[in-house]
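Please look through the structure below before reading my notes. They are written as numbered points and can be checked one at a time.

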Amino acid sequence: MAGIGFELRKLLRKDTLLGLLQAYAYAGVIGSGPWILSIVGILAIGLLSHAVVVPGVQITQFQVSVTWLIASSLILTGAVQLAFTRFISDRLFEHRDELVFSGLNGVLMLTALVAGGLGVVLALTLFSGMGVVYRLLMLSGFVLLCCIWITTILLSGLKRYGAIVALYAGGYAVVVVGALLARPWGLEGLLAGFVLGQFLLFFGMWLLVVWHFRSPQFVSFEFTRIETLYPSLMAIGFFYNLGVWADKFIFWFFPDTSSAIIGPLRASVIYDLPVFMAYLFIIPGMAVFLVRIETDFVEYYDRFYDAVRSGGSLAYIETMRDEMVYAIRQGLLEIAKIQTLALLVALVAGPAALRALGISELYLSLFYIQTVGASLQVGLLALLNVFFYLDQRRIVLMLTLCFALANFLLTLVTLRLGAGWYGYGYCAATLLTLVLGLYLLDHKLDHLEYETFMLQ
Amino acid sequence: MSEQAFPKAAEADVALLLEGTFPYVSGGVSSWVNQIIRAFPHIRFALVFLGSRRSDYGEPRYALPDNVVHLETHFMHDDLGRHGIEVAPRAGNMEAFARVVALHEAFRQKGTPDLSAFEALASELMPGGSLTSEDFLHSEQAWGFISANYRRFCTDPSFVDYFWTVRIMHLPLWMLARVAKELIPVRALHTISTGYAGFLGALLARSRGIPLILSEHGIYTKERKIDLYQSEWIRDNRNVFQKDSTELSYFRTMWIHFFEWLGRMCYDAADPIIALYENNRLRQVADGARAERTFNIPNGVAIGRLSALRAKRADHIPPVLCLIGRVVPIKDVKTFIRAMRILLNRMPEAEGWIAGPEDEDPGYARECRELAEGLGLGDRFRFLGFQKIDELMPKIGITVLSSISEALPLVILEGYAAGVPALATDVGSCRQLVYGLGEEDRALGAAGRVVGIADPQAFAEAAIELLQPDNWHAAQAAGIARVEKYYADYMMFDRYREVYDRALTAPVASAAEAAPLRCPVHRKEGG
């Protein structure tokens, strides 16, 4: 998200209420990221076509199919996203702009090859009982989503936030409209609309890259060279996405909480909707996180390293370090405040929302605890971001690994404990990782000058 | 000569510790080292050359004499550029750093320094000790010490410059400790300067209990000060309000103190401490050398070979002033050039020559050429490059030195022996060489003229006066008499023969005497 701070500061500098609102709205949309938009899109299709698609089970099949596509593509490309962004920013630093376009094409080709290969294998084995059209649509959706995540993270690395949001809005509008128009063809119709929207979204983002980084070379595989590979970043991306989805997968496969929806794909009606709804409640937290970390923190971060490099006094360097600590503390505190508010809203609106979705109010507590967990996850994201700024990849890797493991194990434990405990596993895993991260950050910042100077 | 071709031996008699001189750099001190090694063919020498960076030196400038049985080279600033190596945090040895603190406190005390803290620390610097270079570079103890000292003492605001000054300054000490540990067995040590080489000598003498001879040509600390005054690379970050032009930048002061302390450690361990001439001996005593260990051995020249050149001289006095030396700022060649302008106005037939290499400081050499051209000296002023003394001497009338710093310049003595008087600035031993030291010496007369530094007018007038035939012949006779009586090479060799004999027959210090260097834990065991 580097670079967004500049845009935000520009808005904040206006020093008006409108400027402030704009900044937070901007940060909210960008921060909560494309995948929140995806959730909104899928929920919207569900709500809009609830009355018109017959039989209703096809909507569920559609939603579950898309959810699986999103989860699996995020985990698969998690290994590439961060590492590739780092590769591109290093090349931009070297003024080798032509590698943005050709490098993207290279990584897309590789991704398409891997994702496509995997998809074909799955289509011929696990999905062999399904219709040919369904399988083709799922395969193309999978490959498209993989390419979209990579292009998205590249564009956000290039600070094209506005364009990303606009393209996502456009893409998902097509998905919704297309799905509604194609609903006479049932599940395949809905999926076709989804794939069409995704295709347009991907193509639009790709054109944006072509437009800004025209290059004589069409494709380059330089990022596969061993010295430009960042194994730690690859592992971080993979484990983070795995961690985010671990509890969901477990709920999808545990017999008591799930059911087979279509082919090999399973879902957990009681778990999924509360979880996805809970994610909608972290949008304000993401906004605050971006504004605080990317403006205040980054400002003192820059001053700290400027002072180190260009001969500031030790007292000044320490003051900047203290200001960094203060900015982080304020940021986390504000995230906590705004998420408390979001939680209150969730408490009030929860019962009505579940009723509208036709879910038993027995699962209200699950929704609440998921909202708490998701709020903690915002704090965790903020923390990981700070560690990325301090270039502490080893710590980030440790935290994401801890998150994935804890989420996996604790969710299993809650399944044993019974329905009253559902959701506590995920929540405890984020809390545990957050506390561990805070402890490590505390230690890291305490020793920041020592490590900056003495470990070189 | 590649490093593989260096002679290597399992042991030797005398280890010569050479910092930035023989065999890689040509100049007065290197010639002297060459002379000494060749004068004692029965002594097997091991040479330890210390340089800054490998890339600063080309091929050796001297052929190694046969009795050099061992040569090793070490470059102190080569490992500074390590990058990208991931370093793990480390705590550092608390006890060792407590002693570092004690040593630095001792440095700050006025009066006679207590170097016992150094003795206790020196062996800990060596591989396997409790104060490793990794601890110095990366430990929290070191960080605490460096940042605390910055807060207490540093008057320059830039922490990063302070930090790197401390690092660059101290890091060679660990390299030297390793060299000291790994050097082949020798019976005596001879260092030709204080500074890093002198520190290495102190480490070796303390850890092995063998005698350390110190011969100082210039005064290392003083020469370093001149370097440091002139060096632009030492940062000064005070702004215009903080800056007091009479006050040196803090980092310069740090460097000067650092070299002063290296010098003290060397003086503390060395016996004898040999100066070239009286002024330098007094300076050594003022800098902390114990007076009873000091004495002078002046340079000497080969009278026999050089006196033969007198016969080759023409009958008339050639109106040629020749500066024999490298074209570098310390020689202040520009003053000579300016003086030539004044001289030529009065004596159009005069000529100025410079015989010496120009490659050491090409920028300065270019400035000198431009100055000579700008002053319109034309063909009356010539840059000859390196010349053979034996061919040069018969053609010149006066050897000149316009330096701002000298020790005991051999070229003046060589000139005397070849029948050429000298005109020199009042630096180093020049006054002693021209006018004589004691009663007896002074009675021989003036062998030339001495003028103040950076004074072209006085320089030119002295040259005119000296070129008057009566004055010149008197000076020539005085020069010949003085060099033959006091500065013949065999006299120098005799003195050094005594020095070496004493050192090589000295009983190896017993373990008890070398004890201060052992680990303090074991010392307690020994009672």
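1. Basis. This is a predicted model, in which local features need pLDDT of at least 70 and side-chain atom pairs count only at pLDDT 80 or more, while totals for chains, interfaces and linings use all residues. Residues are numbered from 1 along each chain as its sequence is written, and chains are lettered from A and ligands numbered from 1 in the order in which they are written.

2. Chain B overall. The secondary structure of chain B comes to 22 helices and 13 strands. Helices (H or I, at least four residues) and strands (E, at least two) are DSSP runs, numbered from the N terminus. Of its 527 residues, 44% count as buried; a residue is buried if 20 or more other C-beta atoms lie within 10 Å of its own, exposed if 12 or fewer, and partly exposed in between, with C-beta atoms placed from the backbone. Among contacts in chain B between residues at least 6 apart in sequence, 75% join residues at least 24 apart. Two residues are in contact if their C-beta atoms, placed from the backbone, lie within 7 Å.

3. The seven-stranded sheet. An open sheet of 7 strands in chain B has the order β3-β2-β1-β4-β5-β6-β7, with parallel pairing. Two strands pair if DSSP finds at least two bridges between them. β3 (68-75) and β7 (294-296) of chain B are at the edges with a single partner strand each, so one side of each has no neighbour in the sheet. On average, and with direction ignored, neighbouring strands of this sheet are turned by 20° against each other. Angles run from 0 to 180 degrees between N-to-C directions, and axes are lines fitted to C-alpha atoms, for helices over the stretch in contact.

4. Inside that sheet. Strand β1 (residues 14-19) and strand β4 (residues 188-191) of chain B run parallel and are joined by 4 bridges. B:Leu16 has B:His190 as its bridge partner in β4(B). Helix α10 (residues 278-286) of chain B lies across β5 (212-216), β6 (273-275) and β7 of chain B, at about 165° to β7(B).

5. The six-stranded sheet. Chain B also has an open sheet of 6 strands in the order β10-β9-β8-β11-β12-β13, and the pairing is parallel. Here β10 (381-383) and β13 (448-451) of chain B stand at the edges; each has a single partner strand, so one side of each is without a neighbour in the sheet. Strand β9 (residues 351-355) of chain B is joined to β10(B) by 3 bridges, and B:Phe383 is the bridge partner of B:Ile354.

6. Strand β11 of chain B. Which way do the residues of strand β11 (residues 398-401) of chain B point? B:Ile398 and B:Val400 point one way, B:Thr399 and B:Leu401 the other way, and all are buried. In a regular strand the side chains alternate between the two faces of the sheet. β11(B) pairs in the parallel sense over 3 bridges with strand β8 (residues 320-324) of chain B, where B:Leu323 stands opposite B:Val400. β11(B) also pairs in the parallel sense, over 3 bridges, with strand β12 (residues 422-425) of chain B.

7. Cores. The largest nonpolar core has 234 residues, of which B:Leu18 and B:Val48 touch the most other members. A nonpolar core is a set of buried Ala, Val, Leu, Ile, Met, Phe, Trp, Tyr and Cys residues joined through C-beta atoms within 7 Å. Helix α3 (residues 57-93) of chain A gives the most to this core, with 16 residues. Leaving aside neighbours within four places in sequence, the contacts of B:Val48 include B:Leu16, B:Leu18, B:Glu72 and B:Val179. A second, separate core of 59 residues includes B:Ile303 and B:Leu466.

8. A helix pair in chain A. The axes of helix α5 (residues 132-157) and helix α6 (residues 161-181) of chain A come within 8 Å and cross at roughly 150°. A:Thr152, A:Leu155 and A:Ser156 in α5(A) meet A:Tyr161, A:Ala163 and A:Ile164 in α6(A).

9. Between the chains. The contact takes 12 residues from chain A and 17 residues from chain B. On the side of chain A that touches chain B, the largest share, 4 residues, comes from α15(A).
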